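Work through the exercises below with the coordinates open. Each one gives a task and then a stepwise solution.

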Amino acid sequence: MTRPAVNVAVRAARSAGNVILRYMNRIDGLNVVEKQRMDFASEVDRLAEAEIVKELRRAYPTHAILAEESGATGKGPLVWVIDPLDGTHNYLRGIPHFSVSIALLDRGEPVYAVVFDPLRDELFTASKGDGAYLNDRRIRVSKRENLAGAMIATGFPFRQRANLDAQLAMTRALLGQAEDIRRSGSAALDLAYTAAGRYDGFFEIGLKPWDMAAGVLLVREAGGQYGDFAGRDGIPESGNVIAGNLHIVKAMTEAIGANATPSLLKA
């Protein structure tokens, strides 16, 4: 049974998706700002976020919100975490791979999640204890038992270029065993694809809460696991995350941990 909070988040995600699609053919005329080096936001990000916030506020006026563009508003144990356009760099270049990500955290733990791909009309949803779904069809993480033949997803974050050597070493170690590694440009979709078994595992350095809050719940409710580079469970404060089925997470944690710097292994 779909939970009311998920229905609200789905409405919000679809409203944001409509904004995103409406402007797709007008990308060259968008107002784009560089928030920090190589970190861009467009007016579409802000308009899509406003649609999400409006829907959430209408249904849950007392809940706190943590949004990528507008920051934190309100206080309390229940916090909606929003990325209105995960994959902005793709979107601004006309690359058709991006998503809307919405999660509700209860005392820091994700309990509801929606990741929406408006181009493919793929809607990934999850509720704690109720499983994960793609367009109302139950999804599960892959059954692969080791890295041999695995398809792994990652990202090379612009905020963490100081860790580039370490990440290349991790990538080299994983490629020595896995079939291949993909870098698509939307962490939320990477995690959703991992939940659906399209990818066997995912890792990335320095994600923000809005990048992963919805995706990690999808993975867990699809029978998988997530944690940090040292193998600690839960959403990593460091933003350094590994996700997949239990076998793959264990193998990835060993390979990544052997090549990570001490700072990347901190909680």
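The exercises that follow treat a predicted model.

**Exercise 1. Helices across the strands**

Solution: 

**Exercise 2. A proline in a strand**

Task: Decide whether P84 is buried or exposed, and list its contacts beyond four places in sequence.

Solution: 
1. P84 is located in strand β5.
2. The relative accessible area of P84 is 0%, and the limit for buried is under 20%, so P84 is buried.
3. Beyond four places in sequence, P84 is in contact with I20, D45, A48, E49, I52, E68, E69, S99 and V100.
4. For a distance check, take A67: P84 and A67 are 17 residues apart in sequence, with a C-alpha to C-alpha distance of 8.0 Å.

**Exercise 3. The largest nonpolar core**

Task: Identify the members of the largest nonpolar core that touch the most other members, and the element that gives the largest share.

Solution: 
1. This core has 35 residues, of which V115, F124, L191, F202 and L218 touch the most other members.
2. Two or more residues each come from β6 (99-106), β7 (109-117), β8 (122-127), β9 (131-134), β11 (151-154), α5 (187-195), α6 (209-221) and β15 (241-244).
3. The largest share is that of α6, with eight residues.
4. Now take F124: beyond four places in sequence, F124 touches residues including V115, Y133, L134, I139, L189, Y193, R198 and L218.
5. Another core, of 30 residues, lies apart from this one and includes V19, I20, Y23 and I102.

**Exercise 4. The surroundings of S184**

Task: Locate S184 and find which side chains make polar contacts with its side chain.

Solution: 
1. S184 is in the loop between β12 (180-182) and α5.
2. Its relative accessibility is 17%, so S184 counts as buried.
3. The side chain of S184 makes a polar contact of 3.3 Å with that of H97, and another of 2.7 Å with the side chain of D190.
4. Beyond four places in sequence, the contacts of S184 are N90, H97, T154, D190 and Y199.

**Exercise 5. Helix α7**

Task: Compare the span of α7 with the expected value, and find what its buried residues pack against.

Solution: 
1. Helix α7 (residues 246-257) has twelve residues and reaches 16 Å from first to last C-alpha, close to the expected 16 Å.
2. At the start of α7, a side-chain oxygen of N245 comes within 2.9 Å of the backbone nitrogen of H247.
3. The buried residues in α7 are I248, V249, A251, M252, T253, A255 and I256.
4. These buried residues pack against β11, α4 (164-175), β13 (201-204), β14 (225-228) and β15.

Conventions:
Residues numbered from 1 in each chain as written. Predicted model: local features only at pLDDT ≥ 70, side-chain atom pairs only at ≥ 80, totals over all residues. Heavy atoms only, no water. Core = buried A, V, L, I, M, F, W, Y, C linked by side-chain atoms within 4.5 Å. Buried < 20%, exposed > 50% of the residue type's maximum accessible area, 1.4 Å probe, protein only. Helix = DSSP H or I, 4+ residues; strand = E, 2+ residues; numbered from the N terminus. Contact = heavy atoms within 4.5 Å. Polar contact = N/O pair within 3.5 Å; in protein donor to acceptor, adjacent residues only side chain to side chain. Expected span 1.5 Å × (residues − 1).
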